[in-house]
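Hello,

Here is the structure I promised to pass on. Please open it and follow along with the notes below.

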Amino acid sequence: DYRFANNLNSSVAGARPLTNTGAQGTNTFATENVEGVQRRVMRFPAGNGVQLSNASTVIPRDRYTIVVRVRFDDITSFTRVINFTKNASPDTGVYLAQGRFWYYPLDGGAYDSVADPDEWVDIAVTRGSGGLMRGFVDGIEVWEEAAPTAGLTNSANLIRFFRDNGSGV
């Protein structure tokens with residue numbers, strides 16, 4: 001449970017902190033109105049994000065639910081929301097593109113699942129022990145994919161949020 005209260009620590013005792021990715025010193029904390037409540041949030045430019053190393057110490061490899069409350073400045077271009085590997089290739093991950101929330105490389109996701117930029121949405125990804133992954137936007141399932149080798153089953157044991165590999169890193 002990472003609340004971004006001016007740091008990258010979890011509110012759960014013993015959980016590893018997140019680390020910044022991308023250009024150093026450009027991720028910042030700000031206070032914003034999140035659905036009527038003033039909250040601390042993290043802001044970062046395109047190409048930046050955060051990551052969790054040794055992710056399986058916080059999230060089980062074979063089954064998990066990840067929920068992110070997020071506001072996108074732009075929904076027209078490709079934005080990687082979750083990346084399960086540090087390598088530039090493959091592009092496997094969870095994306096938002098033209099308002100479509102989907103799991104690549106498998107087809108799925110409803111167009112206009114995120115209809116407007118600058119609105120806060122809850123994005124969730126679940127993985128069951130059999131490898132079935134599901135994506136939700138504001139509690140509505142928008143895709144379901146059988147992906148038995150996807151997610152934290154990779155050897156990198158790393159999960160990145162919002163850091164795309166467009167720069168090759």
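Two strands pair if DSSP finds at least two bridges between them. Strand 6 and strand 7 are joined by four bridges and run antiparallel. Keep in mind that this is a predicted model.

Start with strand 7. This strand covers residues 93-97. It is mostly covered, with five of its five residues buried. Gly93, Tyr95 and Ala97 point one way, while Val94 and Leu96 point the other way.

Now look at its partners. Tyrosine 95 in strand 7 is the bridge partner of arginine 80. Strand 7 also pairs with strand 8 (residues 100-104), again in the antiparallel sense, over five bridges. There, glycine 93 has tyrosine 104 as its bridge partner. Strands 7 and 8 form a hairpin, with two residues between them. Glutamine 98 sits in that turn and has a positive phi of about 50 degrees.

Next, threonine 79. You will find this residue in strand 6 (residues 79-83). Is threonine 79 buried or exposed? Its relative accessible area is 18%. Buried means under 20%, so threonine 79 counts as buried. Leaving out residues up to four places away in sequence, threonine 79 touches Phe72, Asp74, Val94, Tyr95 and Leu96.

Last, the core. The largest nonpolar core has 32 residues. Which of them touch the most other members? They are Phe72, Ile82, Val94 and Phe101. Strand 5 (residues 64-70) gives this core its largest share, four residues. In soluble globular proteins, nonpolar side chains tend to be buried together.

Best wishes

Notes:
Residues numbered from 1 in each chain as written. Predicted model: local features only at pLDDT ≥ 70, side-chain atom pairs only at ≥ 80, totals over all residues. Heavy atoms only, no water. Core = buried A, V, L, I, M, F, W, Y, C linked by side-chain atoms within 4.5 Å. Buried < 20%, exposed > 50% of the residue type's maximum accessible area, 1.4 Å probe, protein only. Contact = heavy atoms within 4.5 Å.
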